[in-house]
Amino acid sequence: MRKILLMVAVALMAAMSAQAQKIQIVDNDGNAIPLVSVLTEDGVLIGTTGMDGVLADVKGAAKVAVTHVAYKPQLVTVASLQDGRITMEDIDYGIDEVVVKPKPYLYVEYYYRAFSYIGDSLRVYTAGILPMAHEIQNKYKGKVQGYWAFGGAANKALTWNTQSMEDNVQGLAEDAAWPAERWLANHQKYETSIEPEDENHFIIKNPEEVLGHIVYSDGLSYTTLDVDRMRIYGERTNGKERVAKFMEDRDYTYRYTEVFRLDEDGKVQPENFVMEQVHLEYDKKEGRKVNVAYLYAVDKGYMDKDEVKARGKEISKGRKGDMSLDELAEYERAHNIPALSPEQQRAIQTLTKQTGKKK
């Protein structure tokens, strides 16, 4: 009888340990935080939180590192969590609000980071400086003024992907000063609307489902949007079934979060961009590919053409296009950019420096 009871106890313990350990990540006000990267202590990607801030299973990890563009990174012990809940603290690195002046360009100096994973393995990392002149009369469309970066890849065959990621980040920066509230109004084919939930919370939706949220908190606007669901619906309703099916077959997930500072009237203006995070993943033959990009505004101001050129020359002094990890760290400290978690830093150290062509 004692042996039977022992076997039953062992079986119960095994069943309990095999249960999925769910976590939910929220801000100080209890709002869910989507797009949080959850990693092991060794920097291996476990997964990313959904629109409800939930990751269904930490896959047996005793400790997890959580990272997001707008919040301080943390390393937490899973067993110590109450109801699997993690609260992340806001990042506010103090960039000044821009005073509007009658000049043709909004100059923004961006700092970016971009990661690429196949499954849970980090394959490519790049980070660097991206100065951009946004044309005010052209919906704040940006034009790159320089390009200085570190690029690290798992092997030489992935060098092109390093350059590809840098090009993708440049595309993000070109449109960064155009808030979601504005560009959604120009995409009527997607039948997307923004509706108030309460005074500081808005829902982004189409006729079929909720696609995202806009939350006003402590003078900032946080927008999270499920772009793939918006696009699939839009392509299908506009007769482009083939495009919609391709995205569904590859199981596309494309989401982003953007943060803008609210002006004194409580409005979101292009000059008040603070930061952005983009998350894209889809199935490939070699596994699930995950790309994550962070974009921070570190300096900004209104300029004319000559001032933009002068700023580009000034920032390029002493730089040949490439940067080292030490130079990146120095730049981060000088501009109060939050440091990467030690778990991510260790993973990046295993990559070989690779560089693609520079613009």
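**Entry 1**

I began with strand β15 (residues 220-226) and found it mostly covered, with seven of its seven residues buried; buried means under 20% relative accessible area, exposed over 50%, and partly exposed in between, with a 1.4 Å probe and protein chains only. I noted that the model is predicted, that local features need pLDDT of at least 70, that side-chain atom pairs count only at pLDDT 80 or more, and that totals for chains, interfaces and linings use all residues. Residues are numbered from 1 along each chain as its sequence is written, and side-chain values use heavy atoms, with hydrogens and water left out. Helices (H or I, at least four residues) and strands (E, at least two) are DSSP runs, numbered from the N terminus.

I then looked up which way the side chains of β15 point. Leu220, Tyr222, Thr224 and Asp226 point one way, Ser221, Thr223 and Leu225 the other way, and all are buried.

Next I recorded the partners of β15, where two strands pair if DSSP finds at least two bridges between them. Strand β14 (residues 210-217) runs antiparallel to β15 and is joined to it by six bridges. Strand β16 (residues 253-262) is also antiparallel to β15, with seven bridges.

**Entry 2: confidence**

I checked pLDDT, the predictor's confidence in each residue from 0 to 100. The chain averages 85, and 90% of the residues score at least 70. Over residues 8-18 the pLDDT is below 50, and this stretch has zero contacts in the model beyond near neighbours in sequence; contact means heavy atoms within 4.5 Å.

**Entry 3**

I looked up an open sheet of three strands, with the order β4-β1-β7 and mixed pairing. Strands β4 (54-55) and β7 (85-87) stand at the edges with a single partner strand each, so one side of each is left without a neighbour in the sheet. Strand β1 (residues 23-26) pairs with β4 in the antiparallel sense over two bridges, and Ile23 stands opposite Leu55 in β4.

**Entry 4: helix α2**

I examined helix α2 (residues 159-175), which has 17 residues. From its first C-alpha to its last it reaches 26 Å, close to the 24 Å expected at 1.5 Å a residue; the expected span is 1.5 Å times one less than the number of residues. Its buried residues include Thr159, Met165, Val169 and Ala173. I found that the buried residues of α2 pack against β8 (105-118), β9 (121-135), β10 (141-144), β11 (148-153) and β18 (287-303).

**Entry 5: salt bridges**

I counted a salt bridge where a side-chain nitrogen of Lys or Arg lies within 4 Å of a carboxyl oxygen of Asp or Glu. The structure holds 17 of them. In one, Glu109 meets Arg311, with the closest N and O atoms 2.9 Å apart. This pair links distant parts of the chain, with Glu109 in strand β8 and Arg311 in helix α6 (residues 305-316), 202 residues apart. Both Glu109 and Arg311 are buried.

Arg311 also meets Glu314 in a salt bridge, at 3.3 Å from N to O. Glu314 and Arg311 are three residues apart in helix α6 and therefore separated by about one helical turn. Arg311 has 17% relative accessibility and counts as buried, whereas Glu314, at 46%, counts as partly exposed. Salt bridges that share partners join Glu109, Asp299, Arg311 and Glu314 into one network.

For another salt bridge I recorded Arg236 with Glu241, the closest N and O atoms being 2.9 Å apart. Arg236 is partly exposed, with a relative accessible area of 33%, and Glu241 is partly exposed at 40%.

**Entry 6: aromatic rings**

I counted rings of Phe, Tyr and Trp (its six-membered ring) as a pair if their centres lie within 6.5 Å; planes under 30 degrees apart count as stacked, over 60 as edge-to-face and the rest as tilted. The count comes to twelve aromatic pairs. The rings of Phe115 and Tyr294 have centres 5.9 Å apart and planes at 65 degrees, so the pair is edge-to-face. Phe115 lies in strand β8 and Tyr294 in strand β18, 179 residues apart, and both are buried. Ring pairs link Phe115, Tyr117, Tyr125, Phe150 and Tyr294 into a cluster.
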